[in-house]
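Welcome, and thanks for taking a look at this one. Here is a short briefing on how two chains meet, followed by a few notes on one of them.

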Amino acid sequence: MAIDKTDVLQGTLVLMILKTLDTLGPQHGYGIARRIEQMSGDQLQLNQGTLYPALVRLEQAGWVRARWGVSENNRRAKFYTLTPRGARQLSAEARRWETVAGIVERFLGAAERQP
Amino acid sequence: MNRLRILFARILEALRPRRVEDDLADEVQSHLDHLTDELVRRGMSRDDARAAARRQFGGVDQTFEAVRDRRGFPRLDATVRDVRYAARLLMKSRAFTITAVLTLALGIGVNTAIFSFVNAVILQPLPYPGADRLISLWEGRVGAPPAQDTSRGTSIAHDMPPARSAVAPANLVDYRTLSSYFTGLAGVATVGHNLTGAGTPERLLGEEVTSNYFSVLGVAPALGRTFDASEDQPGAAPVAIISAGLWQARFGMDDRILGRTITLDNTPYEIVGVMPAGFTSAMQFTNSDPVAFWTPAAYPPDLLANHGDHEINVVGRLASGVSLASAQSALTIVSEDLAKRFPRSNSTCRAFLTPLRDDIVSKVRSSFVILITTVSAILLIACVNVANLLLVRAVARRREMAVRVALGAGRSRVMTELITESLVLAAFACAVGVGFAEITRRLLVAAAPATIPRLAGVSLDWRVLAFAALVSLVTGLGFGLLPAWQAGRARPVDALRSSERVVAGTWVMRWRNALMVVEIALSTILLTGAGLMLKSLVLLNGVDLGFRPDQVLTANVNLPETRYRTADDRLQFFDAIAARLSSQPGVESVAFANRFPLRGGWETGVSVDGVVLPGDGSIDVACQAVSPQYFQTLGIPLVRGRLLTPADVKATEPVAVVSDEFSRKVLAGGDPIGRRIRRAPTAPWITIVGVVHDVRRDGRESVMMPQVFLAAAQTQLYPVRIADLAVRTSAEPKALAGAIRAAVLDVDPNQPITAVRTLDEILTARAAERRFETLLFFLFAVLALVLAVVGIFGVVSYAVSQRTPEIGIRMALGADGTRILRWLIGRTAVVVVIGAAAGVAASLLLSKFVAALLFQVQPRDETVYALSAGLLAMVALLTTAIAARAATKVDPTTALRGD
């Protein structure tokens, strides 16, 4: 089942971007978009443009740093790198996500057990 | 923390918008290229891939917008764009902009200038710590029985405000028991002393104060100390505190001043303190002469026993937490108690409190309220004019607006733009207006009479500038809203469908006519006010003084009682001076008296032998003891009998000369010569020997009093002292000041002279306040009239240009130029008449507020009303005629061909 692109919550997108940069190292916007689509098993069809406002916010917050460079296709591209602050933010976000996910999971599980 | 970081990042981005924008475009392009590459690799043709990449990316423009919203401050950017756009547009239509900016700047300028006065004179706190707790305590007569003044046929109404008087030191003792309400109540009285010793003798103004005066004001001396509680007791050693001015002028700011003495009226005072340079005494704000010294006020026992002897001013400081109202009610209880204990002196006497600042500015407050109203009216006229100009512009730009609305620009966007334009206009006007305000302020400060308190502080400080900005903002919104609203209402269909003239809505015309009515009405009000003031001034200048004030130099020579004990001593002194001066070249005559006209005087009740006067049997007259040369020096003509002569001396029968008014008022026109008068049953009879022309002793605004002239050589009979000198000259009178000084020093080297002024100078100074007010009103009325003319001209010219086709049709149908002109003028005339009528009606309603400023003019003076309404109507119609002449030049063929 493909997830509708509007369902991707802003917070989730930020988390996914940070995780992508953490795993793959410096990446350009297209690479990040591809990675997110691949990781979701192509279930998540991004409007790739929506990535950029999120990246702006991450940059302004100082979680990522942007540098122009040359991509593997030999094209000019803007590469985003996770900063130490970004890495800290990622672990915090991830912990929070796990907690929330755990709660939701327990909630759903409990609901199933008590029909 | 995070927010702060984001804000900081945004500020950095806002500083280089171009770079951020380019960067984004490159990045998005790079993304699309990568995506295209990928799709090509998967087997698409490059063109298909490019299209697919765009689809997959989602809206490129939306992304741009979304990112722009995140970067920098997009809303601010839009505003900056609007402002730039508005400024560019305004720069393009230069004639419009200059007219509008100048019009508004005038309005903002005069308002700002007047506000700078209000700010400094009325709003600023007094220069004392905790000045809001300082109060003035005064005594007044309440519920006094109607005065038996049958001569004028008036009686004092019971609801009149209490007649203010000074405070009796005896009562102050009781008020001071309210120590839980006041941290202190201090008495202060102005005194004049002759300073002698090193240098030229000088008459100095000083104040006798209770020892707590300085602590009540909360001001410490710059050097030394203030008075202690033992020093304001009778018999205490004489001490004085001097002003920084005197310290500098007389002692060269010598640090070892403390302990030295100054001699005031032959008494040595030990200097115990020097006040700081910026110190202004509480009673000094309206006084142009500086207070040079303070001495302790030791009220003698007989003064403290007399509860009816009102002599001093009282300032006090409310204790913290005490309200004015509660202090007032406590004070009322004390003064009612005094009334019971001393019914003879205090039955109608009560004590009142006023905040000290209000007390100081109360005199000018009402004038200022009128001034503010006036300048507000001018600003309103300016706004109306500019609103009119903007309406014209809005109509001209209607198609542009309609096209933009049709292309999808939101109405609110268009309206925002128009408001922005108005505000930019207002901002220009504010800048120019502040310049105007500074010029106006300088002119006003220079022209203002010294009787306005705290003039020195009038400046364009931040409060005034904030006021100017606020006024400009309100103004900008005021004149901008109407055209913007109108633009918002415009239906694009109408504007696009037809040529301009057909859509020239009656709606716009109605508004313009309404605005014109307002403008004309406001101008009529100001013109009427100015007319009333002007007529007052004319009437005032026409009042006959009864003496000739030109070419007379007067001076005061206050002989101290310690050296000139008897009336004879003083007479000898003045005779000697007169002899010395008479021989000077250019001197026509020299006279002396207790006081000369316009310089104070002595009023007393007299009874007349064989005449039964109403009331207590006496009538109030103005008395003066004068030398024989007095009448010649002042140019008072003899009507009957004889003048006083050198033969009327101490040994001969006491004689007097009276004015005509005396015969009229006391003897119902009968001949007073040979009749006898006296001040009191115990005083000697004085025989009237002559009648002179009427004299308005206290100037043109004073009521006519019966005058009694007594012989200076017989002053031992009267409670006055000879102290004034007057010289009539054939040359410039001021040039004789030196000769008078020399003559006085020649007779007594320790004797200063003061108040050396020509009578003309005094008269000018007397009328200064009225002249200043009249000048202001006159200028404002002219300004209003000019603005109204500009406005009317604009409206009519526009109406003509708009009606060109209609005029063309009329002309084609046979109407000639004159008829067209008459038709156009007729249309405006209705508006003018309505406006003028509204103005007259409003003036009638407002007239009671200017009544206080008028002299012998009814606030509803028909002539002035008719003249100002007539003048305005005439000017308005003349303007209309000139503006409408363009219509007669319309060529029917061109007009009908249209655009």
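A polar contact here is a pair of N or O atoms within 3.5 Å; within protein, one of them must be able to donate a hydrogen and the other to accept it, and residues adjacent in sequence count only if both atoms are side-chain atoms. By that rule, eight residue pairs are in polar contact across the interface of chain B and chain A, both residues being at pLDDT 80 or more. Please keep in mind that this is a predicted model.

**Extent of the interface**
- On the chain B side 27 residues take part, in contact with 29 residues of chain A.
- About 2,600 Å² is buried between chain B and chain A, and carbon and sulfur atoms give 48% of this area.
- B:E27, B:H34 and B:R70 supply 26% of the area that chain B buries against chain A, more than any other three residues.

**Charged pairs and contributing elements**
- The rule finds five salt bridges between chain B and chain A.
- B:D37 and A:R75 form a salt bridge through their side chains, at 2.6 Å from N to O.
- Helices 1, 2, 3 and 4 of chain B each give two or more residues to the side that touches chain A.
- Helix 2 of chain B has the largest share of that side, with 11 residues.
- By class, that side of chain B has 14 charged, seven polar and six nonpolar residues.

**Chain B as a whole**
- Chain B has 29 helices and 22 strands.
- Of its 899 residues, 49% are buried.
- Among contacts in chain B between residues at least 6 apart in sequence, 81% join residues at least 24 apart.
- The accessible surface of chain B is about 41,100 Å², with 59% belonging to carbon and sulfur atoms.

Note on methods
Residues numbered from 1 in each chain as written. Chains lettered and ligands numbered in written order. Predicted model: local features only at pLDDT ≥ 70, side-chain atom pairs only at ≥ 80, totals over all residues. Heavy atoms only, no water. Contact = heavy atoms within 4.5 Å. Buried area = accessible area lost by both parts, 1.4 Å probe. Salt bridge = Lys/Arg side-chain N within 4 Å of Asp/Glu carboxyl O. Helix = DSSP H or I, 4+ residues; strand = E, 2+ residues; numbered from the N terminus. Nonpolar A, V, L, I, M, F, W, Y, C, P; charged D, E, K, R; others polar. Buried < 20%, exposed > 50% of the residue type's maximum accessible area, 1.4 Å probe, protein only. Areas by Shrake-Rupley, 256 points an atom, 1.4 Å probe, with all protein chains shown as cover.
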